[in-house]
Amino acid sequence: MFGTKDKTPPKEPAAPSSGNEQKKPAGLISITAAPKIGIALGSGLARGFAHIGVMRALKRHGIEPTIISGTSMGALIGGAYLTNNLDAVEEWAYKLTKFKILSYMDFRVKSSGLIGGERLTKLMFSTFGETRVEDLPHPFIAISTDLVTGHEVWMRKGKVVDVMRASFSLPGIFPPVSMSGRWLIDGALVNPVPVSACTAHGARMTIAVNVSGDIIGKVKRPGDKIPTVAGFDLMNFTGPAQVEEAKQSGLINRLFRRETDHPSIFGVMVSSLNIVQDRLARSRLAGDPPDVLIVPRIGHVGLMEFDRAEELIAEGEAAVERAMPDIKAAYTVLCTDYKEDDDTAPPEGYKP
């Protein structure tokens, strides 16, 4: 498990004992089936790129989760991993600049979200196509929130692109997604780091990745009187033609413009959602703790700074390296001597 070169299959069961065989030396383990290892990938907008580094580093150590749950950006990266598109997403991330980020923003002034998302949706379909969650090789659970009831929704069927979009539909930024008669929004409002979804699907060991847990890094930048949570000021940056045109509208101007010592409406909205997500994540993780918690040190990166993918991915890998002693210890306790988990089937109604 902790070395990618060790591919030796489990030994065949021994023949019935005749009483003359030597006893198995103490310390050896008996493996009869692969353990179910789950990973919960948390929300965090741009910081979610750190999940790419996490998945890369885990695989390098021979750890390949077979149950994946994700919220918001965690759902996007989890889906990319299970559809074998992680390379494509990583390559796209490395090429992002502030100008390209803004080119994906279809600003609207008369809709349920500031950003329409049509350009981003087309890009996602060009990568993931019509692949459905039911056809993935392992269970994938994307978390969203029912806009009407506030209920937590586990999306385990449908087009991968659709469940991703529903999971990262941040209120006020992206419009809600209609699925199965419900309007769905960002799952970060109910379960930012979905450990419970992995546990419910029979994970013997669960690793959680909280990309919004670096409280120490959440500080004002030198010379700033207020924190720039988003990372950059749209009104002080020259973007594509459609963005410059949108800036001329009174609404966009009022939402994004800020004074030197006052936050913008958009900044207040994003900061507030980040606070809700952070506090809720602490509560959920305390009540349903994972076996191993990985927290990349990326609090200094703005939530909208998607152009810092290289730094975020590198820190995701570094965070795994720091956590490896805990991962190995948990694996030793939970996964080294086990039998087939016949009694830990997924919830009724789930079809792999």
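From strand β7, M205, I207 and V209 point one way and T206 and A208 the other way, and all are buried. Buried here is under 20% relative accessible area, exposed is over 50%, and partly exposed lies in between, with a 1.4 Å probe and protein chains only. Strands (E, at least two residues) and helices (H or I, at least four) are DSSP runs numbered from the N terminus. In a regular strand the side chains alternate between the two faces of the sheet. β7 covers residues 205-209 and is mostly covered, with 5 of its 5 residues buried.

The model is predicted: local features need pLDDT of at least 70 and side-chain atom pairs count only at pLDDT 80 or more, while totals for chains, interfaces and linings use all residues. Residues are numbered from 1 along each chain as its sequence is written, and side-chain values use heavy atoms, with hydrogens and water left out.

**Partners of β7**

Two strands pair if DSSP finds at least two bridges between them. Strand β1 (residues 37-41) pairs with β7 in the parallel sense over 5 bridges; G38 has T206 as its bridge partner in β7. Strand β8 (residues 292-294) also runs parallel to β7, joined by 3 bridges, and its L293 stands opposite A208.

T206, in strand β7, counts as buried because its relative accessibility is 4%. Contact means heavy atoms within 4.5 Å. With neighbours within four places in sequence left aside, T206 is in contact with G38, V195, C198, T199, P290, D291 and V292.

**Helix α1**

Helix α1 (residues 50-60) is largely enclosed by the rest of the structure, because 8 of its 11 residues are buried. The buried residues are A50, H51, I52, G53, V54, M55, A57 and L58. After α1 comes G62, with a positive phi near 85°.
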